[in-house]
Amino acid sequence: MKAVLTAVIGFMCTATMVLGQTCTLTFAVQIEAPHGTLTHESTLTGTLTYSVERQMRMGSEAMAYFTDGEIQVSAADSTALNGRLGVIHVVRSPHWADYISFDITDVAGDLGGVTAYENPMLLSFYAERGSLASFDLPMTLTALDAFDRRRTFQVHTPDTMWTLPGTLLEPSLSCSSP
């Protein structure tokens, strides 16, 4: 009983430490398909700023962190996408891979001259199956680096839900104190 209580208290303390902190994730995206005037080798830059407002356990394999956050993804031609980060999922899956997914809604902009988008835009960082010891959000670049199996970007357009895929490169993460 003491071990269970210690684990529960430890989980609650770790999870509440991120509440109120503001984090900024910067990254590049190597897109993998043409998108309007952008070629399949175009590189985008992005900045995602967020703070966690609350969390919710989702079964035994996932934690949802509800956030207040914004993203901007820009191309060299000054076209861009913007959106609102509503939730971050941390998933510890014994079946495929552990991952963190930033789920962005209210996607809008003129990236590559394309002006119609559908939700969601996703930034996903994957780790080896079973490698995550907790549902904690990464708060440092070192912690984010554990998600090194695959890093993906995707945004949808209304044209039969065509997806613009990409690979996330050069992430940088910093978090401030509340």
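User: What does the lining of the largest cavity have by class: nonpolar, polar or charged residues?
Analyst: By class, that lining has eight nonpolar, no polar and no charged residues. Nonpolar covers Ala, Val, Leu, Ile, Met, Phe, Trp, Tyr, Cys and Pro, charged covers Asp, Glu, Lys and Arg, and the others, Gly among them, are polar.

User: Before we go on, what sort of model is this?
Analyst: It's a predicted one, where local features need pLDDT of at least 70, side-chain atom pairs count only at pLDDT 80 or more, and totals for chains, interfaces and linings use all residues. Residues are numbered from 1 along each chain as its sequence is written, and side-chain values use heavy atoms, with hydrogens and water left out.

User: Okay, which residues line that largest cavity?
Analyst: Leu25, Tyr50, Ile100, Phe102, Leu137, Pro138, Leu144 and Leu173. A cavity is a set of points, on a 1 Å grid over the protein atoms alone, where a 1.4 Å probe fits but cannot get out, and lining residues have an atom within 4 Å of a point.

User: How much space lies in it?
Analyst: About 30 Å³, with volume taken as the space filled by probe spheres set on the points, which are joined across faces, edges and corners. The structure holds one cavity of 30 Å³ or more.

User: Switching topic, how many helices and strands does the chain have?
Analyst: Two helices and eight strands, in the order α-β-β-β-β-β-β-α-β-β from the N terminus on. These are DSSP runs numbered from the N terminus: H or I over at least four residues for helices, E over at least two for strands.

User: Which element has the lowest mean pLDDT?
Analyst: Helix H1 (residues 2-16), at 38, while strand S1 (residues 22-31) has the highest mean, 96. pLDDT is the predictor's confidence in each residue, from 0 to 100. The chain averages 87, and 88% of the residues score at least 70. Over residues 1-17 pLDDT stays under 50, and the model has five contacts beyond four places in sequence for that stretch. A contact is heavy atoms within 4.5 Å.

User: How much of the chain counts as buried?
Analyst: 43% of its 178 residues. Buried is under 20% relative accessible area, exposed over 50% and partly exposed in between, with a 1.4 Å probe and protein chains only.

User: Is Thr67 buried or exposed, then?
Analyst: Thr67 counts as buried because its relative accessibility is 6%. Its place is in strand S3 (residues 62-74). Not counting residues up to four places away in sequence, Thr67 touches Tyr50, Ser51, Val52, Glu53, Leu85, Gly86, Val87 and Ile88. Tyr50 also turns up in the lining of the largest cavity.

User: Where is Gly112 found?
Analyst: In the loop between strand S5 (97-109) and strand S6 (118-128). Gly112 is buried too, with a relative accessible area of 2%. Leaving aside neighbours within four places, Gly112 is in contact with His35, Gly36, Thr37, Leu38, Asp77 and Thr79. From Gly112 to Ser78 is 34 residues along the chain, and their C-alpha atoms are separated by 8.8 Å.

User: What joins Asn119 and Pro120?
Analyst: A cis peptide bond, with omega about -5°. Pro120 sits in strand S6.

User: And what is phi of Asp106?
Analyst: Near 55°, a positive value in a residue other than glycine. Asp106 lies in strand S5. Glu170, in strand S8 (residues 163-175), isn't a glycine either and has a positive phi of about 50°. Glu170 counts as exposed, at 65% relative accessibility.

Notes. On a 1 Å grid over the protein atoms alone, a cavity is a set of points where a 1.4 Å probe fits but cannot get out, and a pocket is an open set with protein on both sides within 12 Å along at least five of seven lines; lining residues have an atom within 4 Å of a point.
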